[in-house]
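Try each task before you read its solution.

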Amino acid sequence: GAPPSTGPIRLGRNVCYVVLAVLFNQEDAVLLVQEAKPECRGMWYLPAGRMEPGESIVAAMRREVKEETGLECEAVTLLALEERGPAWIRFAFLAHPTGGTLKTLEEADAESLQATWWPGDPRVLPLRAPDILPLLDLAARYRRSPPHPPTLPRDLPCAPLCLRLLVAFTNDTGDVWVLLATAGTPHLPVVACGMSPSELRGGLRLPVLQLLGGCLPSAPHLGSMGLLGLQHRAGGLGGADGICFNVLLSIPASSPGGAPPEPRDPAFCWWQLKDGSRRGRILQRLRAVATVPI
């Protein structure tokens, strides 16, 4: 179900995608780079930078790591999706090194001054910003006990910036219903992100609340949104840089054994899952928060 067009999504014009990578070596030291930019020269940070038109998300991450550290790498999984509204989105990856030579001060350029494997607490260094510390915690926890399966972008085209919603209603008896859009073949609802100033400030949660507010009889109490996957193709339809995020969220029951509220919009319905394995997988993802955090 393609959402209405919100106009072409263009990197450098109306959206900015940023990639960031967390890498560890065999001694559990983290890969850090010393910044060369005038505003933060000499400070330390994780390898990161803006995605360029025509790049895939993973290719952009590998390029930034190579330019700033001298190392080749492969992506393991997305660790987090960070956003300041649809116009600024950062993809934080866990990756592992596969080759190359660590950049030294003699090789300093406009990308970075040098790179190092830092074995201690990065908080003792002059950091460009402390926003990397929660990502380092996420990466360390994922290495110890992965909370979700490896999650990487799928090479599928998408013209707008949108969210495909797996909205699950659950109760304390283990029943699960999934919200479906009924136009044509029933499908998971898809909602496009608007690009107006107010919509940009509202973040990715705003279009979800708008859709559910118009569909359900009362404003639902939503749990946290988690990312199940995403699709993007470099140089997509008409050169658009759209992304579709597959998002899981739940609406808990207000009473034991309760059923979901009847949609007030006939374009939507609830489908109760009878398949035990599928129901179990959704419940496991919800209860263990086994998704990429947004």
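**Exercise 1.** Find how many aromatic pairs the structure holds, then work out the geometry of the pair formed by Tyr-17 and Phe-91.

*Solution.* This predicted model holds three aromatic pairs. For Tyr-17 and Phe-91, begin with the ring centres, which are 6.0 Å apart. Next take the angle between the planes, 80 degrees. Planes over 60 degrees apart count as edge-to-face, so Tyr-17 and Phe-91 form an edge-to-face pair. Now place the two residues: Tyr-17 lies in strand 1 (residues 16-23) and Phe-91 in strand 6 (residues 88-100), so their pairing ties together parts 74 residues apart in sequence. Finally, check burial: Tyr-17 has a relative accessible area of 0% and is buried, and Phe-91 is buried with a relative accessible area of 0%.

**Exercise 2.** Classify the pair made by the rings of Phe-169 and Trp-177, and find the aromatic cluster they belong to.

*Solution.* The ring centres of Phe-169 and Trp-177 are 5.8 Å apart and the planes stand at 70 degrees, so this pair is edge-to-face. Both Phe-169 and Trp-177 are buried. Together with Trp-270, Phe-169 and Trp-177 form one aromatic cluster.

**Exercise 3.** Locate Glu-82 and describe its surroundings.

*Solution.* Start with strand 5 (residues 71-83), where Glu-82 is found. Then set aside neighbours within four places in sequence: Glu-82 is in contact with Trp-88, Ile-89, Arg-90 and Leu-135. Among these, Arg-90 has a side chain joined to that of Glu-82 by a polar contact of 2.6 Å.

**Exercise 4.** Which rings have the charged ends of Arg-84 and Arg-128 sitting over them?

*Solution.* For Arg-84, the ring is that of Trp-88, with the charged end 4.0 Å from its centre. For Arg-128, the ring is that of Tyr-45, at 4.4 Å from the centre.

Definitions and conventions:
Residues are numbered from 1 along each chain as its sequence is written. Side-chain values use heavy atoms; hydrogens and water are left out. Helices (H or I, at least four residues) and strands (E, at least two) are DSSP runs, numbered from the N terminus. A polar contact is a pair of N or O atoms within 3.5 Å; within protein, one must be able to donate a hydrogen and the other to accept it, and residues adjacent in sequence count only if both atoms are side-chain atoms. Contact means heavy atoms within 4.5 Å. Rings of Phe, Tyr and Trp (its six-membered ring) pair if their centres lie within 6.5 Å; planes under 30 degrees apart count as stacked, over 60 as edge-to-face and the rest as tilted. Buried means under 20% relative accessible area, exposed over 50%, partly exposed in between (1.4 Å probe, protein chains only). A charge sits over a ring if NZ of Lys or CZ of Arg is within 6 Å of the ring centre and within 35 degrees of the ring normal.
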